[in-house]
Amino acid sequence: MQIKNIRRYNHSSQNNIQAKNIASVSDWLTTTIDSKSVFASIRWYANPPTTDNQLISRLHNVFNKLFQELLGSHWFKTYKNHFNLVVVKELGKSHTNYHSHIALGIKSDKFTINDIVNAFIKVQDKVKAVVYVKTDAEKVNLPDTYPDNIVISPVYYVGGISEYITKEFNITQNETMSFASAENLIFDYQIFN
């Protein structure tokens, strides 16, 4: 009987640690992304990425085109002055392919949310994905053929974005950081390396 209680306690303890770790990431997200941000989901239906490398390659293409549109050909040297970027990978319903969620925060006064939305629209042919713009509480109706797409929306509630993108997180901790890694996060150095 005591063994069962110990197992229950250990399981409960692990859940508490995971909850604290998710709270750490959530706090980080809400300080990184604010109400001057956009949220986008990118899904590839024609040839969905099934590995991290394939997903990162697709994300590299999207951000390369987006930041070129916004900042010009030398975007790599300056994008961090203007934007915070949080990218999350997520398995689809089939559990064999990935899609991605992006929160792009605007740090400088040079850009507005409309600038970001318009830049996504301008690069949709270059990234071979149809862009759908969503407003608060609106549901986007995708066509039956499901082309590769990017659904983009201004951030209306930062806490909601944080909750949404951490819902499937598995987080590990180390002694020097509040979280060491969240396997669902993709950092910009991985995309632009």
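Predicted model: local features only at pLDDT ≥ 70, side-chain atom pairs only at ≥ 80, totals over all residues.
The chain has seven helices and eight strands. Of its 193 residues, 43% are buried. Among contacts with a separation of 6 or more, 64% join residues 24 or more positions apart.

**Helix packing: H2 against H4**

- Two packed helices are described by the angle between their axes and the distance between the axes.
- For H2 (residues 52-71) and H4 (residues 113-122), the axes come within 9 Å and cross at roughly 120 degrees.
- That angle makes H2 oblique to H4, since roughly perpendicular covers 65 to 115 degrees and roughly antiparallel starts over 145.
- As for handedness, the H2 and H4 crossing is right-handed.
- On the H2 side, the contact is made by Val62, Leu66, Glu69 and Leu70. H4 brings in Asp115, Ile116, Ala119, Phe120 and Lys122.
- Sort the residues of this H2 and H4 contact by type and you get six nonpolar, three charged and no polar.

**Helix packing: H2 against H3**

- H2 also packs with H3, their axes coming within 10 Å and crossing at roughly 80 degrees.
- That puts H2 roughly perpendicular to H3, because 80 degrees falls in the 65 to 115 range.
- Asn64, Phe67, Gln68 and Leu71 are the H2 residues here, and they meet Trp75, Thr78, Tyr79 and His82 of H3.

**Salt bridges**

- A search of the whole structure turns up four salt bridges; three of them are picked out below, starting with Asp109 and Lys36.
- Asp109 pairs with Lys36, with 3.7 Å between the closest N and O atoms. Asp109 sits in the loop between strand E3 (98-106) and H4, while Lys36 sits in the loop between helix H1 (2-32) and strand E1 (37-43), so the bridge ties together parts 73 residues apart in sequence.
- Asp109 counts as exposed at 73% relative accessibility, whereas Lys36 is partly exposed at 27%.
- Lys89 and Asp52 form another salt bridge, at 2.7 Å from N to O. With Lys89 in strand E2 (residues 83-91) and Asp52 in helix H2, the pair ties together parts that are 37 residues apart in sequence.
- Lys89 is buried, with a relative accessible area of 13%, and Asp52 is partly exposed at 34%.
- Asp188 bridges to Lys80, again with a listed N and O separation of 3.7 Å for the closest atoms. The pair links distant parts of the chain, since Asp188 is in helix H7 (residues 188-191) and Lys80 is in helix H3 (residues 75-82), 108 residues apart.
- Asp188 is buried, with a relative accessible area of 18%, so it comes in under the 20% cut-off. Lys80 is partly exposed at 48%.
- Setting aside neighbours within four places in sequence, Asp188 is in contact with Tyr79, Lys80 and Leu85.

**Val87 in strand E2**

- Val87 lies in strand E2 and is buried, with a relative accessible area of 0%.
- What does Val87 touch, not counting residues up to four places away in sequence? The list is Leu59, Phe63, Ser100, His101, Ile102, Asn184, Leu185, Ile186 and Ile191.
- Of these, Leu59 and Phe63 fall inside helix H2 (residues 52-71).
- Val87 and His101 are 14 residues apart in sequence, and their C-alpha atoms are 5.9 Å apart in space.

**A backbone angle to check: Lys128**

- Most residues other than glycine have a negative phi.
- Where is Lys128 found? Lys128 is in the loop between helix H5 (124-127) and strand E4 (130-133).
- Lys128 is exposed, with a relative accessible area of 67%.

Key
Residues numbered from 1 in each chain as written. Heavy atoms only, no water. Axes fitted to C-alpha atoms, helices over the stretch in contact; angles between N-to-C directions. Helix = DSSP H or I, 4+ residues; strand = E, 2+ residues; numbered from the N terminus. Parallel < 35°, antiparallel > 145°, perpendicular 65-115°, else oblique. Left-handed = near helix turned anticlockwise from the far one by under 90°. Contact = heavy atoms within 4.5 Å. Nonpolar A, V, L, I, M, F, W, Y, C, P; charged D, E, K, R; others polar. Salt bridge = Lys/Arg side-chain N within 4 Å of Asp/Glu carboxyl O. Buried < 20%, exposed > 50% of the residue type's maximum accessible area, 1.4 Å probe, protein only.
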